[in-house]
Amino acid sequence: MHMPQLANVLDDLPIRGDVLELACGTGQWTRLISDRVRSLTALDAAPEMLSAARERMHGTATRFIEADAFSWEPDRQYDTIFFAFWLSHVPPVEMEAFWDLLRWTLAPGGRVVFLDDAPAKAGIEEAVAEAQVPTVRRRLADGSHHQAVKVLRDAADLASQLCDLEWEAQIEPVDQYHIAGVARPWTSA
């Protein structure tokens, strides 16, 4: 399933209110959710990605923040935290702290909504065998090679892991290669 087909999945996801998008990248998902939210804040650690996202979102009231999601300290709470294809880049050792940050960043009754790759994607990724955490090697269009953390989580296993972290999560396959999830902290109504 390509980006246009995956974009249709957004229609069924509860992305609304004051929204924080983590790891917004070039803003392709930011653009798709912008017309259905009250306010939108987009965060990314890479200045070049934020530049592209700002250009894509020119003329909107989107707030941009340059920060590393693992060390960022939010200045407000949000009704929805959204991320697309970010959770698979969260190393296993960072999962608990990451979800604790999300819990603190959510307004009461808020939710985390995400799209990501499923384990079947392993068949088309180039794994780095010597890495200490699951890592893939990617070749970009310009010919350069880069390594990235890539933890492909099964929907049921991820839901169980989030339950252990005191989150209620509904995670479903979108297709063979992708999952969609909605999670709320146990303390939310």
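Strand S4 (residues 78–84) and strand S5 (residues 106–117) run parallel and are joined by 6 bridges. Strands here are DSSP runs of E with at least two residues, helices are runs of H or I with at least four, and both are numbered from the N terminus. Two strands count as paired if DSSP finds at least two bridges between them. One example of a bridge links Ile81 to Val112 in S5.

A quick note on the source: this is a predicted model, where local features need pLDDT of at least 70, side-chain atom pairs count only at pLDDT 80 or more, and totals for chains, interfaces and linings use all residues. Residues are numbered from 1 along each chain as its sequence is written, and side-chain values use heavy atoms, with hydrogens and water left out.

Now zoom out to the open sheet: its 7 strands come in the order S3-S2-S1-S4-S5-S10-S9, with mixed pairing. Strand S3 (63–66) and strand S9 (167–175) sit at the edges with a single partner strand each, so one side of each has no neighbour in the sheet. From one strand to the next, the twist averages 15°.

Angles run from 0 to 180 degrees between N-to-C directions, using axes fitted to C-alpha atoms (for helices, over the stretch in contact).

| Helix | Angle |
|---|---|
| H3 (residues 47–56) | about 170° to S3 |
| H4 (residues 95–105) | about 140° with S5 |

Finally, Thr30 lies in helix H2 (residues 28–33). Is Thr30 buried or exposed? Thr30 counts as buried (under 20% relative accessible area, with a 1.4 Å probe and protein chains only), because its relative accessibility is 0%.

Definitions and conventions:
Contact = heavy atoms within 4.5 Å. Buried < 20%, exposed > 50% of the residue type's maximum accessible area, 1.4 Å probe, protein only.
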